[in-house]
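Please examine the structure below together with its sequence. The briefing that follows is arranged by topic.

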Amino acid sequence: MPGFLIRPPHQLLSLLSCPGLRILRLPVLCAQPRPRAMAISSSSWELPLVAVCQVTSTPDKQQNFKTCAELVREAARLGACLAFLPEAFDFIGRDPEETLHLSEPLGGNLLGEYTQLARECGLWLSLGGFHERGQDWEQTQKIYNCHVILNNKGSVVATYRKTHLCDVEIPGQGPMHESNSTIPGPSLEPPVSTPAGKVGLAICYDIRFPELSLALVQAGAEILTYPSAFGSVTGPAHWEVLLRARAIETQCYVVAAAQCGRHHEKRASYGHSMVIDPWGTVVARCSEGPGLCLARIDLNYLRQMRQHLPVFQHRRPDLYGSVGHPLS
């Protein structure tokens with residue numbers, strides 16, 4: 001294939017065997033051609049390793065924490081610097097009343113346990129969707145869907161409250177009315193500097209709004225993260241397509257930790273957690289069921305790709321306006 005080569009070895013997903021965890025190798029998906037000019041010479045051991053955790057949350061918060069903590073500890077043992085947990089990692093309630101009852105403020109016991117876990121393991125955590133009782137809880141009796149970033153000291157370094165709420169009725173999947181219990185967030189969060197790169201924060205349904213991802217990349221994002229709980233109908237149809245589209249159009253890595261399986265008698269999630277590189281290739285993917293997958297983030301490759309395919313320099317706001325205004 002003149003002018004092309006197979007993905008360098010460090011971009012291939014090579015995972016260690018993890019007892020009790022379901023981790024999938026992807027030699028076929030990852031061995032896709034890329035332009036020779038974009039070949040990278042970085043040693044894989046020099047690149048930051050991230051872990052993507054897939055779980056099946058239930059209304060049992062302590063059991064959910066136990067499951068997540070096991071995955072985070074395994075991620076730390078394997079050398080990850082940052083572990084991503086999905087939306088509703090804390091719990092998934094049966095109805096809005098149970099969801100509100102189980103919710104906590106950011107200063108509550110559950111986040112305190114994750115703070116201690118991050119400190120214990122010495123790695124950063126992306127807590128992809130915490131049911132947060134905000135400062136207006138007494139007045140509204142509603143919560144926020146809050147994406148929390150903890151550093152390796154256990155400190156909260158960023159919070160993003162989901163701005164697009166999922167109020168949809170999909171035939172065969174059941175109605176979803178997130179606004180019954182949740183308030184939309186008022187703003188986007190500037191990308192967060194982490195050991196893996198600058199991470200732009202979003203949550204699940206946000207993925208359907210490319211304006212958000214464009215705003216984040218123009219603010220400096222190198223990694224976009226979409227912790228999610230996609231359903232059994234929208235998942236097979238849209239999940240991977242949307243994730244790859246966001247990666248290609250922003251030239252970012254995309255990290256998507258997902259809920260999987262049946263949470264209770266009223267709800268199930270699609271799973272298929274994955275990492276996608278800026279070329280749009282899936283470089284890591286979880287197998288069925290709870291577990292984790294690992295990927296290395298190569299920012300040199302990202303920068304080279306943006307140099308060789310400078311789409312942001314070619315935009316024509318004079319014709320169609322500025323889609324996704326840069327964050328202030």
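The buried residues of helix α4 pack against α2 (61-77), β4 (82-85), β5, β6 (144-150) and β7 (156-161). Helices (H or I, at least four residues) and strands (E, at least two) are DSSP runs, numbered from the N terminus. Buried means under 20% relative accessible area, exposed over 50%, and partly exposed in between, with a 1.4 Å probe and protein chains only. The model is predicted: local features need pLDDT of at least 70, side-chain atom pairs count only at pLDDT 80 or more, and totals for chains, interfaces and linings use all residues. Residues are numbered from 1 along each chain as its sequence is written, and side-chain values use heavy atoms, with hydrogens and water left out.

**Helix α4**

- The buried residues of α4 are Leu110, Leu111, Tyr114, Thr115, Leu117, Ala118 and Cys121.
- Seen down the axis of α4, these buried residues fall within an arc of 160°, so they line one face of the helix; the arc is that of the directions from the helix axis to the C-beta atoms.
- An α-helix has 3.6 residues a turn, so residues three or four places apart point the same way.
- Asn109 and Gln116 are exposed, on the face of α4 turned away from its buried side.
- The 13 residues of α4 (residues 109-121) should span 18 Å at 1.5 Å a residue, and the end C-alpha atoms are 18 Å apart, which agrees. The expected span is 1.5 Å times one less than the number of residues.

- Two strands pair if DSSP finds at least two bridges between them.
- Axes are lines fitted to C-alpha atoms, for helices over the stretch in contact, and angles run from 0 to 180 degrees between N-to-C directions.
- β5 and β6 run antiparallel and are joined by 6 bridges; the bridge partner of His131 in β6 is Asn145.
- Contact means heavy atoms within 4.5 Å.

- Another open sheet of 6 strands has the order β10-β11-β12-β13-β16-β17, with mixed pairing.
- At the edges stand β10 (192-194) and β17 (282-285), each with a single partner strand, so one side of each is left without a neighbour in the sheet.
- Neighbouring strands of this sheet are turned by 25° against each other on average, direction ignored.
- β10 and β11 pair in the antiparallel sense over 3 bridges, and a hairpin joins them through 2 residues. Val192 stands opposite Val199 in β11.
- β11 (residues 197-201) and β12 (residues 223-225) run parallel, joined by 3 bridges. Gly200 stands opposite Leu224 in β12, while Leu201 has Thr225 as its bridge partner.
- In β11, 4 of its 5 residues are buried.
- Helix α7 (residues 234-250) lies across β12, β13 (253-256), β16 (274-276) and β17, running at about 30° to β16.

**Nonpolar cores**

- The largest nonpolar core has 50 residues, and those with the most contacts inside it are Leu82 and Leu243. Such a core is a set of buried Ala, Val, Leu, Ile, Met, Phe, Trp, Tyr and Cys residues joined through side-chain atoms within 4.5 Å.
- Leaving aside its neighbours within four places in sequence, Leu243 contacts Ile207, Tyr226, Val254, Ala256, Met274 and Ile276.

**An exposed loop residue**

- Gln135 is found in the loop between β5 (124-132) and α5 (137-140), and at 86% relative accessibility it counts as exposed.
- Gln135 and Pro105 are 30 residues apart in sequence and 8.2 Å apart in space, C-alpha to C-alpha.
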